[in-house]
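Student: Hi! Could we walk through this structure together, one question at a time?
Tutor: Gladly, let's take a look.

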Amino acid sequence: MNDAEKLNLLKQDLQRMTTANDALLTALLQQAASAIKKEGITLVTDDIECDMLQIQYAAYLFRKRGAPDTAMPRYLRYELNNMLISQKGQP
């Protein structure tokens, strides 16, 4: 999935279909990728699970801006943990 497709899915997730926030959302996608890599996860190109994880993380970052005390959703932490364990468990 290319960056434009990820941006489009992120906008759909956030229900924001205008281009007004594209620069911010693109930056959040990059920030999400960086944060995921800091967790020890390798983002594989054109892997739907990795792409969706990045989009979900970026959506969390966007929503967190509105309510700074928002904790990371359990489903997202679960997905991060599963991805890390599956990647580290491979020979």
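Predicted model: local features only at pLDDT ≥ 70, side-chain atom pairs only at ≥ 80, totals over all residues.

Student: How far apart are the end C-alpha atoms of helix α3, and what span should its residues give?
Tutor: Helix α3 runs over residues 48-66, which makes 19 residues. At 1.5 Å a residue, and counting one less than the number of residues, the helix should span 27 Å. The distance in the model agrees with that: the end C-alpha atoms of α3 are 28 Å apart.

Student: Which elements are included in what covers the buried residues of α3?
Tutor: Let's see what needs covering. The buried residues of α3 include Cys 50, Leu 53, Ile 55, Tyr 57 and Phe 62, and Asp 51 and Gln 54 are also among them. The cover over the buried residues of α3 includes α1 (3-14), α2 (22-38) and α4 (74-88).

Student: Which element gives the most residues to the largest nonpolar core?
Tutor: This core has 22 residues, and Leu 10, Leu 25, Tyr 57 and Leu 80 touch the most other members. The elements that give two or more residues to it are α1, α2, α3 and α4. The one giving the most, with nine residues, is α3.

Student: What is Leu 10 in contact with, leaving aside its neighbours within four places in sequence?
Tutor: Leu 10 is one of the residues that touch the most other members of the largest nonpolar core. Leaving aside neighbours within four places in sequence, its contacts are Leu 25, Leu 29, Ile 55, Ala 58 and Ala 59.

Student: At what angle do α2 and α3 pack, and how far apart are their axes?
Tutor: Two packed helices are described by the angle between their axes and the distance between the axes. Here α2 and α3 cross in a right-handed way. They pack at an angle of about 115°, and their axes are 8 Å apart.

Student: How do the residues of the contact of α2 with α3 divide into nonpolar, polar and charged?
Tutor: From α2, the residues making the contact include Leu 24, Leu 28 and Ile 36, and from α3 they include Leu 53, Leu 61 and Arg 65. Sorted by kind, the residues of this contact are 14 nonpolar, three polar and one charged.

Student: Is the crossing of α3 and α4 left-handed or right-handed?
Tutor: These two helices pack at an angle of about 145°, with their axes 10 Å apart. The contact includes Tyr 57 and Tyr 60 of α3, along with Leu 80 and Met 83 of α4. Its residues divide into eight nonpolar, two polar and two charged. As for handedness, α3 passes α4 in a crossing that is left-handed.

Student: What about Thr 19: is it buried or exposed?
Tutor: Thr 19 lies in the loop between α1 and α2. Its C-alpha atom is separated by 29 Å from that of Arg 77, 58 residues apart along the chain. Exposed means over 50%, and Thr 19 has 60% relative accessibility, so it counts as exposed.

Student: Finally, what is the phi of Gln 15?
Tutor: Gln 15 sits in the loop between α1 and α2. At 71% relative accessibility, Gln 15 counts as exposed. Although Gln 15 is not a glycine, its phi is positive, at about 55°.

Notes
Residues numbered from 1 in each chain as written. Heavy atoms only, no water. Helix = DSSP H or I, 4+ residues; strand = E, 2+ residues; numbered from the N terminus. Buried < 20%, exposed > 50% of the residue type's maximum accessible area, 1.4 Å probe, protein only. Contact = heavy atoms within 4.5 Å. Core = buried A, V, L, I, M, F, W, Y, C linked by side-chain atoms within 4.5 Å. Axes fitted to C-alpha atoms, helices over the stretch in contact; angles between N-to-C directions. Left-handed = near helix turned anticlockwise from the far one by under 90°. Nonpolar A, V, L, I, M, F, W, Y, C, P; charged D, E, K, R; others polar.
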